[in-house]
Amino acid sequence: MTTCEYRPGLEGIPVTQSSISYVDGHTGVLEYRGIRIEEIAQNSSFLETAYLLIWGGLPNQQQLQEFEHEVQYHRRLKYRIRDMMKCFPESGHPMDALQACAAALGLFHSRRELEDPAYVQNAVVRLLAKIPTMVAAFKMMRKGNDPVQPRDDLGYAANFLYMLNEREPDPLAARIFDICLILHAEHTINASTFSAMVTASTLTDPYAVIASAVGTLAGPLHGGANEEVITMLRNIGSIENVRPYVEKCIANRERIMGFGHRVYKVKDPRAAILQGLVEQLFDKVGHDASYDIALELELVVEEKLGHKGIYPNVDFYSGLVYRKLGIPTDLFTPIFAIARVAGWLAHWKEQIGKNRIFRPTQIYEGPHTQQYIPLEKRLQMWEK
Ligand code: ACO
């Protein structure tokens, strides 16, 4: 075997061959199964997109109806999971609650019959169905309220928004939220997807796969930037403060949240779609002054940092949409997880279809031929 150069963070190292999604960061192209994200966002629904990603092609009408029906049928949580959630501390982060719940779901279905298509189908349906219910239930239960039961007459996105506060959402709000889920459903190999693939490669159950991916997404370097965008816009406070803020960040070599991407060197195509959604939502339910600050920020950052390929990423506008929908900021990353379950499951299925366990190597930098020092002599050694 040839040894190759060590690249921190595996930057640029292919870890799989995949046909799930494609990104061209120089022209701003994102495709799911070969279809442009703009086309999917305009015409599809989140569940149809999940089907496309996981099963590899668009469903026909009957397949879609059956899939939607199955997901809707499995939305409820077992009372034992709800009882477990009652014991979670109310100050706990919703991502930690979600990781625990996803893993706990595996206790009920952990047969690991990965070669059985019915087991795979059931796991896909249960995870897509129950993850949103878990997020909404924790939101209610941490305040001492009962979780809101899912409503069978509402679609996937509308039902999630309904479960957050027991109010049926405006149809435009539900459609916009559904598109947000589509935009976050998949994005080639990133930290949480790689985590899902590594876990999948051990042939453990899919609930453990999703739990490990949720744990990885929870880190601030991955899932949390849209929360920070909201804080940043609040701190900037007014359009006049934008230019001095950007200049200060550049002088101090500080990151401007919601800008820059390892892959995209132009505006993230998802940010462009989200910007249109923000405008539609504000037209309907009222303007938000933070959006004017955001627009000015985009202009000034492009002027100052565009030459480095620093443009808005997906997180820049998504927080503004979620805030306008009345969603608490600490649910932004769990919402990312609800959507990304589709991508994680697609990669899980692809991985087990051609599996080889991940077992990378390392470059050892420690000593050799060291002696074992008896305990009683070690103290003297440290005192020296
Ligand atoms: N603000 C200001 N300057 C930036 C930013 C930013 N947001 N991002 C990158 N740069 C600058 C760097 O300072 C660096 O400049 P230099 O060459 O003069 O040193 C140059 O651009 C390249 O930066 P890298 O660190 O090499 O970029 P990398 O690809 O490693 O980082 C990342 C990508 C982590 C997304 C980065 O752009 C960042 O921290 N952005 C802010 C946080 C954020 O929005 N994260 C969400 C990403 S999208 C997602 O995860 C869903």
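This is a predicted model: local features need pLDDT of at least 70, side-chain atom pairs count only at pLDDT 80 or more; totals for chains, interfaces and linings use all residues.
Local features are given only where pLDDT is at least 70, side-chain atom pairs count only at pLDDT 80 or more, and totals for chains, interfaces and linings use all residues. Residues are numbered from 1 along each chain as its sequence is written, and side-chain values use heavy atoms, without hydrogens and water.

**Helices H2 and H6**

- Helix H2 spans residues 46-55 and helix H6 residues 117-141; helices are DSSP runs of H or I with at least four residues, numbered from the N terminus.
- The two pack at an angle of about 145°, with axes 12 Å apart (axes are lines fitted to C-alpha atoms over the stretch in contact, and angles run from 0 to 180 degrees between N-to-C directions).
- On the H2 side, Phe46, Ala50, Ile54 and Trp55 meet Val120, Gln121, Val124 and Leu128 of H6, where contact means heavy atoms within 4.5 Å.

**Ligand site**

- The ligand is surrounded by 19 residues, the closest being Arg253, Arg255, Ile256, Phe259 and Lys308 (a residue counts if one of its heavy atoms lies within 4 Å).
- A polar backbone atom of Gly258 is 2.9 Å from an oxygen atom of the ligand; a polar contact is a pair of N or O atoms within 3.5 Å.
- The protein buries 68% of the 920 Å² that the ligand exposes when taken alone (accessible areas by the Shrake-Rupley method, 1.4 Å probe).

Conventions: A polar contact is a pair of N or O atoms within 3.5 Å; within protein, one must be able to donate a hydrogen and the other to accept it, and residues adjacent in sequence count only if both atoms are side-chain atoms.
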